[in-house]
Amino acid sequence: MKNTELAQKIKELRIRRGLSQEKLAETAQINLRTVQRIEAGETEPRGDTLKRIANALNVTADELIDWTEHEDKGLLAFLNLSALSFIAFPLLGVIVPLAIWILKKDKVSNVNEIGKRLLNFQISWCLMLFLGYGIFIFCMVLHVRIPLPGISILNLGSMELLLLMILALYLINGVLIIVNSIRSYSGKRVFYKPAFRFLK
């Protein structure tokens with residue numbers, strides 16, 4: 001491996017971990033000038049220095065040497081499709097993609113960006129869904145009718161409209177997942193909206 005390739009990998013991992021060169025040097029217990037020379041491609045870390053840097057970046061030395069961010073459109077589509085697990089249980093739509101994102105975000109191009117967009121949407125979706133369920137259960141238990149003045153769609157009451165909104169949330173989620181799976185497999189940018197930015 002060329003010095004420049006390893007240097008670039010170390011620099012990218014350091015930035016992704018949110019570390020400055022000074023902090024990396026401090027954590028790895030090596031000289032700041034050594035970190036600067038490594039990232040500039042002037043020298044290649046070996047032996048103990050490589051292990052120290054790998055430990056500071058929370059990877060093994062072998063992972064650091066073998067680490068390459070490659071394209072895998074199949075994985076990107078699978079990451080999106082994994083959110084369909086919300087059908088079995090809403091929180092699975094967050095947990096399954098989160099596990100894939102954590103495992104692959106430093107290994108495959110665009111997994112980090114797509115994973116964050118997908119997870120932000122799924123978390124937002126779960127919050128909206130649980131809010132809808134909460135209102136529905138509250139109204140059912142206390143026999144409360146939600147006043148919706150001026151709304152008389154197909155002569156539906158407020159409870160029926162609330163149920164339709166919950167079904168619409170499921171439909172929107174499923175459609176967005178399938179559309180974005182196709183878009184990511186085609187190399188296009190994904191869009192998951194509306195979503196709060198929990199992961200930035």
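**View 1. Gln29 counts as exposed, at 62% relative accessibility.** Exposed stands for over 50% relative accessible area, buried for under 20%, and partly exposed for what lies in between (1.4 Å probe, protein chains only). This is a predicted model, in which local features need pLDDT of at least 70 and side-chain atom pairs count only at pLDDT 80 or more, while totals for chains, interfaces and linings use all residues. Residues are numbered from 1 along each chain as its sequence is written, and side-chain values use heavy atoms, with hydrogens and water left out. Gln29 sits in the loop between α2 (21-28) and α3; helices (H or I, at least four residues) and strands (E, at least two) are DSSP runs, numbered from the N terminus. The phi of Gln29 is positive, near 55°, in a residue other than glycine. For background, most residues other than glycine have a negative phi, and most peptide bonds are trans.

**View 2. Asn58 is another non-glycine residue with a positive phi, about 65°.** Look for Asn58 in the loop between α4 (47-56) and α5 (61-66). Its relative accessible area is 64%, so Asn58 is exposed.

**View 3. Helix α3 (residues 32-39) has Val35, Ile38 and Glu39 as its buried residues.** Seen down the axis of α3, these buried residues fall within an arc of 90°, so they line one face of the helix. The arc is taken from the directions that run from the helix axis to the C-beta atoms. After α3 comes Gly41, with a positive phi near 80°.

**View 4. Phe121 and Tyr192 form a tilted ring pair.** Rings of Phe, Tyr and Trp (its six-membered ring) pair if their centres lie within 6.5 Å; planes under 30 degrees apart count as stacked, over 60 as edge-to-face and the rest as tilted. By this rule there are five aromatic pairs. The centres of Phe121 and Tyr192 are 5.5 Å apart and their planes are at 35°, so the pair is tilted. Phe121 lies in helix α8 (residues 111-142) and Tyr192 in the segment after α9 (158-185), so the pair ties together parts that are 71 residues apart in sequence. Phe121 is buried, at 1% relative accessible area, and Tyr192 is buried as well, at 4%.

**View 5. Asn120, in helix α8, meets the residues around Phe198.** Asn120 is buried, with a relative accessible area of 6%. A polar atom of the Asn120 side chain lies 3.0 Å from the backbone nitrogen of Phe198. Leaving aside residues up to four places away in sequence, Asn120 touches Ala195, Phe196, Arg197, Phe198 and Leu199; contact means heavy atoms within 4.5 Å. Phe196 is exposed at 54%, whereas Phe198 is partly exposed at 41% relative accessibility. Also in this part of the chain, Pro194 lies in the segment after α9, and the peptide bond from Lys193 to Pro194 is cis, with omega near 0°.

**View 6. Lys105 lies over the face of Trp101, at 4.5 Å from the ring centre.** A charge sits over a ring if NZ of Lys or CZ of Arg is within 6 Å of the ring centre and within 35 degrees of the ring normal. Elsewhere, Phe86, Trp125 and Tyr170 form one aromatic cluster.

Technical notes
A polar contact is a pair of N or O atoms within 3.5 Å; within protein, one must be able to donate a hydrogen and the other to accept it, and residues adjacent in sequence count only if both atoms are side-chain atoms.
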